[in-house]
Amino acid sequence: MESDYDELDRRLAHALQIDGRAPFSTIAEVLGVSDRTIARRYARLRSAGAVRVLGGVDPTALGATLWFLRVRCAPAASLPVAEALARRPDTSWVSLSSGGTEITCVVRTESEADSEALLLAKLPRTPRVEGMTAHSVLHSFYGGPDNLVGKLGSLDAEAIERLRPPPIPYRPAPVRLDDGDRKLLTVLATDGRAGYEQLAAATGWSPTTVRRRMTELREHGLLYLDIDVDWRMFGVNTRTLLWLSVAPAHLEEAGRALAEHPEIAFAAATTGPTNLYASVVCTNQRELYRYLTTRVAALPAITHLETAPVIRTVKQAANQM
């Protein structure tokens, strides 16, 4: 429940969303508490799975394609199929929705052959899979480095500015990963605050090389810092998936408007039967209804809306390269 957390927990989570690798001494100074208090508080929250800083990977920086899959199953088969999908290294955000008869997940495919094998051969032939639609992500309006904590957090503008790290220049260029890169990303995927000495031991590089390579991967848009939180900390108790159809001339406008909504955790333009997808978080069903009938209803040129409440999240961790 929300009462399990206090304001310092929420302010610490917000600080880490701004800069996941900020020294505890810097966070403590901004929040007006001691270094030891911040270190203890983060250790407690992390051990409880309530707050974790992670190194996220954008696979599209390596030319991969992201798909949203909607897999319809017989009720008794949905959980086993979802668990099988969750075990795949190329999946993330595997959820049961629509009363438990539909699985939604994100899948990364690195080539047309991968896409064909998964979408045309493997899944359709899985026993008790009754149907499937696939939506390729064309453009993300919100998500990835943009985390919902930034919308829900309570830090004021001055505190945010003091914590904000220097901007990282974007240098679009082909990226190739070697074994050291993969080891680096594997450690960061579980602990985005891992020290340079720890990362050096994992990769066989020097701490200076680790620091330089992390900077390069972030400049190329491959690596970003993310924060995973227990959303109940911010009073959020429900997640709902939205599948919308928007007139093409208004797709960009509608997507940008969605991204500004405080309830939106992710929004993207997609291919498929609908062309705009969003993940919505609300306090309860009453707030979801209010959101749908006010903010969503005001979006331009919406011709179709489908909602799918998430009843269970089977896998949440970001997929790795």
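Q: What makes residues such as Arg41 and Met233 count as touching Asp9?
A: Contact means heavy atoms within 4.5 Å. Leaving out residues up to four places away in sequence, Asp9 touches Asp4, Arg41, Arg44, Leu45 and Met233. This is a predicted model, where local features need pLDDT of at least 70, side-chain atom pairs count only at pLDDT 80 or more, and totals for chains, interfaces and linings use all residues. Residues are numbered from 1 along each chain as its sequence is written, and side-chain values use heavy atoms, without hydrogens and water.

Q: Why is Asp9 called buried?
A: Buried means under 20% relative accessible area (exposed is over 50%, partly exposed in between; 1.4 Å probe, protein chains only). Asp9 has 1% relative accessibility, so Asp9 counts as buried. Asp9 is found in helix H1, residues 7–18; helices are DSSP runs of H or I with at least four residues, and strands are E runs of at least two, numbered from the N terminus.

Q: What makes a set of residues the largest nonpolar core, and which have the most contacts inside it?
A: A nonpolar core is a set of buried Ala, Val, Leu, Ile, Met, Phe, Trp, Tyr and Cys residues joined through side-chain atoms within 4.5 Å. The largest has 27 residues, and Leu12, Leu16, Ile27, Leu31, Val51, Leu155 and Met233 have the most contacts inside it.

Q: Which element gives the most to this core?
A: That is H1, with 6 residues.

Q: Which residues does Leu16 touch, beyond those up to four places away in sequence?
A: Leu16 touches Ile27, Tyr42, Val51, Val53, Arg193 and Ile227.
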